[in-house]
Amino acid sequence: MREIIFDTETTGFGVEDHRVIELGAVELINRLPTGKTFHVYLNPERLIDPGAMRVHGITDERVKDAPKFRDVAHQWLAFVGDATLVAHNAEFDMAFMAMELQRLGLPPHSNPVVDTLTLACEKLPGQRHKLDALCSHYGIDNSARVFHGALLDAQLLAEVYVELTGGLQASFGLEAVAPTVPLAAQATPVVAGNGLVVAPTTAELAAHAAWLAKLVPNSLWAQAEATAEATEIIPQ
């Protein structure tokens, strides 16, 4: 299952008059990050409202030489493909993306959409549901979040989303998944019944990798171990 967790920053809050100035997204497969991201600043062809600038810290000077949305629209659509789109307060982000596409004569996204704000309200009633509050609730480090930022917020939201949907246990199974690091780097010491910490040996890791290759030939696990690198898509 492929999902794209994404976020936008804009020049203001009215979708008719304002534009997207930053777009960030991360790819999950079976609830695990693959390392593939999409991130771009955009020239909105208008001034940024002071109120919005106080939220995200993006200035007119910062984006004056950035590409326009029309320059990256098809790269964005190719990155998204038919994946499920996941956003916090998705109605806001989807409305802005629909308007940007409409200006180019393109149809809005027809992808399935998950709103993590709705999920959070259902799962954590009576609590605060802003991204910072959810990070705090789940013990996710958001100390780098001085301002809102589309890519950083998408990365944090991906962690929140996994927790909201049952944690990493939700992805356990025999389906192929794409980890963010090679198998050998994922070895986690376990505590035996007598309290002794036991870590797998190199031979055990090799045996496990061979077993996995036989069980799921050419799996995304194997591909990730072979390449051992993340791919970031940054439009030029």
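This is a predicted model: local features need pLDDT of at least 70, side-chain atom pairs count only at pLDDT 80 or more; totals for chains, interfaces and linings use all residues.
Modeller: Residues are numbered from 1 along each chain as its sequence is written. Local features need pLDDT of at least 70, side-chain atom pairs count only at pLDDT 80 or more, totals for chains, interfaces and linings use all residues, and side-chain values use heavy atoms, without hydrogens and water.

Colleague: Happy with that! Is D93 buried or exposed?

Modeller: D93 is found in helix α4 (residues 90–103), where helices are DSSP runs of H or I with at least four residues, numbered from the N terminus. Buried means under 20% relative accessible area, exposed over 50% and partly exposed in between (1.4 Å probe, protein chains only). At a relative accessible area of 2%, D93 is therefore buried.

Colleague: Which residues does D93 touch, not counting residues up to four places away in sequence?

Modeller: Contact here means heavy atoms within 4.5 Å. Leaving out residues up to four places away in sequence, D93 touches F6, D7, T8, A87 and H88.

Colleague: And what is the relative accessible area of R31?

Modeller: R31 is found in the loop between β2 (20–29) and β3 (32–41), strands being DSSP runs of E with at least two residues. Its phi is near 70°, a positive value in a residue other than glycine. R31 is buried, with a relative accessible area of 14%.

Colleague: Last one: what is the relative accessible area of E45?

Modeller: E45 is found in the loop between β3 and α1 (50–56), and its phi, near 60°, is also positive. E45 is partly exposed, with a relative accessible area of 43%.
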